[in-house]
Protein chains: 4
Amino acid sequence: MEIGIERARTIIAAALAAGQAAGMKPLSVVVLDAGGHPVAFERADGASPGRFEIARGKAYGAVMLGMGGRAQAERAAQGPAFMAAVNGAFGGRVIPVPGGVLVRDANGRVLGAVGVTGDTSDNDAEAALAGIAAAGLHGEA
Amino acid sequence: MEIGIERARTIIAAALAAGQAAGMKPLSVVVLDAGGHPVAFERADGASPGRFEIARGKAYGAVMLGMGGRAQAERAAQGPAFMAAVNGAFGGRVIPVPGGVLVRDANGRVLGAVGVTGDTSDNDAEAALAGIAAAGLHGEA
Amino acid sequence: MEIGIERARTIIAAALAAGQAAGMKPLSVVVLDAGGHPVAFERADGASPGRFEIARGKAYGAVMLGMGGRAQAERAAQGPAFMAAVNGAFGGRVIPVPGGVLVRDANGRVLGAVGVTGDTSDNDAEAALAGIAAAGLHGEA
Amino acid sequence: MEIGIERARTIIAAALAAGQAAGMKPLSVVVLDAGGHPVAFERADGASPGRFEIARGKAYGAVMLGMGGRAQAERAAQGPAFMAAVNGAFGGRVIPVPGGVLVRDANGRVLGAVGVTGDTSDNDAEAALAGIAAAGLHGEA
């Protein structure tokens, strides 16, 4: 099973709706496939122009390292030099903070990741989890 | 007036629909704003994973150089070294071929660009133009 | 179905054996998954040290563009500027020549790609095809 | 004496087996030659897609700096700015943590390095040492 464009649309619509319902700032949401490549992206009106790179950086780290943004942030707190060095090996494309959420199917297999940016990192992660749940999938924040 | 997420969704949906109606291969469509930054993107199921980079490269050149992909391709044919050097100045992110289409409002002001990839370059441009027309805007291929 | 390490080992062993049986120069073989990421690699003794980058570049282009190295080389011959620009968008990691071979399952779905380097590009492609066939998969050169 | 493909295969098979025997998570193992270039690589099923870059980063630092990952981590702890700057000089490709292990022959000459990733850094280093010992060589973790 691939994540696919239909599920990606559901995730993005539900994540944006969750952010609006909770009064968050305008969010941007990317869905990456299991290889770390974009399937779909939307940036809400009022968000700053660089949001694609940030959303992708959060989700890209989740896919490539196989762990959500919270786990990455903990790893970075324990060993900042390690995570900085890992990021260098990926050309600086990893943003190891909450808001990058790994997406798994019912069997635990990784289908991709969602990256949300725009509000606090914790709120970003909540919006991502809401989007993933709406698609009937499991998020690992 | 900004291009905005609503128009971007209309453009993407209509471009994908035009491709399907014409029997094209699975398309990928990006909408960039007037600064060359992604507003929305979708990659149809069955498209190869690298399509975001190609779609963005086509649209990015259109915005940054202020001319559509056909005009860029003609410029590149007249002076390949010039266009290659220009591309170097943009970090290699410009793909100067049809399928990158500049988006203008009724007054001729540039709102952004659309990049389509997946079929022949000419078909990609047709799908982009169909999407832009559906949003009531003017495309310059 | 993922390509997986077992199939990757079979592909590499069979591709190296095919090269030896045909009297080719020492080959290097990489297997990438459907996201363009390495699963396995071997460089035969006597091959020059830079072979990993070349093997990966051939296979990476096949995955990311969804076409084998021969198709990429034809595209590059028709429009050299296009392929050079596409490569720029992928950070210069694409090597569009024979020896990069797309791997499909029985249903035509892309599982990844094989990159072979060391002999002539056409011989490299033959060795890759032999490896892929040994794993019961379909190669698109 | 070069490390060669036969020893590289022995190292990888034994490192993966050691990880499995100890109940570690799925490992990825790269063997680099004395110039820091890949000879062989394998990524166990279930490992995240970015493991090649991490394994290589660990082994690359060991070869290029002539010290194992533990020594590099100590150096980084003493002078983080120094190691970060050194890493910049190598294009960000060095990951200075345990799991990168220098490989020496009986005379102490460096033949290359092994990089392992997937479990804790210390476990990664243990698996690498087991692989190197299985090939009759000396590891410096």
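Copies are superposed by least squares on the C-alpha atoms of residues with pLDDT of at least 70 in both. In this predicted model, a rotation of 180° with 0.1 Å of shift along its axis places chain A on chain B, with an RMSD of 0.1 Å. Chain C is superposed on chain D by a rotation of 180° as well, again with a shift of 0.1 Å along the axis and an RMSD of 0.1 Å. That is how a two-fold axis relates its copies.

**Chain A and chain B: symmetry and extent**

- The residue of chain A that comes closest to the rotation axis is A:Phe41, whose C-alpha lies at 2.5 Å.
- The two copies meet through the same surface, because 100% of the interface residues of chain A are also interface residues in chain B.
- In this interface, 17 residues of chain A are in contact with 17 residues of chain B.
- About 1,600 Å² is buried between chain A and chain B, and carbon and sulfur atoms give 45% of that area.

**Chain A and chain B: what makes up the interface**

- There are 13 residue pairs in polar contact between chain A and chain B, counting pairs with both residues at pLDDT 80 or more.
- Three elements of chain A each supply at least two residues of the side that touches chain B: helix 1 (4–21), strand 2 (38–43) and helix 2 (51–65).
- Strand 2 of chain A gives the most to this side, with six residues.
- By residue type, the side of chain A that touches chain B has eight nonpolar, two polar and seven charged residues.
- Strand 2 of chain A and strand 2 of chain B (residues 38–43) run antiparallel and are joined by three bridges.
- A:Phe41 has B:Phe41 as its bridge partner in strand 2 of chain B; A:Phe41 is also the residue of chain A that comes closest to the rotation axis.

**Chain C and chain D: symmetry and extent**

- C:Phe41 is the residue of chain C that comes closest to the rotation axis, at 2.5 Å for its C-alpha.
- The same surface serves both copies, as 100% of the contact residues of chain C recur in chain D.
- Here 17 residues of chain C touch 17 residues of chain D.
- The buried area between chain C and chain D is about 1,600 Å², with 45% of it on carbon and sulfur atoms.

**Chain C and chain D: what makes up the interface**

- Between chain C and chain D, 13 residue pairs are in polar contact, both residues being at pLDDT 80 or more.
- Helix 1 (4–21), strand 2 (38–43) and helix 2 (51–65) of chain C each contribute at least two residues to the side that touches chain D.
- With six residues, strand 2 of chain C gives the most to that side.
- The residues on the side of chain C that touches chain D are eight nonpolar, two polar and seven charged.
- Strand 2 of chain C runs antiparallel to strand 2 of chain D (residues 38–43), and three bridges join them.
- The bridge partner of C:Phe41 in strand 2 of chain D is D:Phe41.

**Salt bridges**

- Side chains of opposite charge can pair when their charged atoms come close.
- Over all chains, the structure holds 42 salt bridges.
- Six salt bridges cross the interface of chain A and chain B, and the count between chain C and chain D is six.
- C:Arg56 forms a salt bridge with D:Glu53, where the closest N and O atoms are 2.9 Å apart.
- A:Arg56 also forms a salt bridge within chain A, to A:Glu53, with the closest N and O atoms 3.8 Å apart.
- A:Arg56 and A:Glu53 are three residues apart in helix 2 of chain A, so about one helical turn separates them.

Notes
Residues numbered from 1 in each chain as written. Chains lettered and ligands numbered in written order. Heavy atoms only, no water. Contact = heavy atoms within 4.5 Å. Buried area = accessible area lost by both parts, 1.4 Å probe. Salt bridge = Lys/Arg side-chain N within 4 Å of Asp/Glu carboxyl O. Polar contact = N/O pair within 3.5 Å; in protein donor to acceptor, adjacent residues only side chain to side chain. Helix = DSSP H or I, 4+ residues; strand = E, 2+ residues; numbered from the N terminus. Nonpolar A, V, L, I, M, F, W, Y, C, P; charged D, E, K, R; others polar. Pairing = 2+ DSSP bridges.
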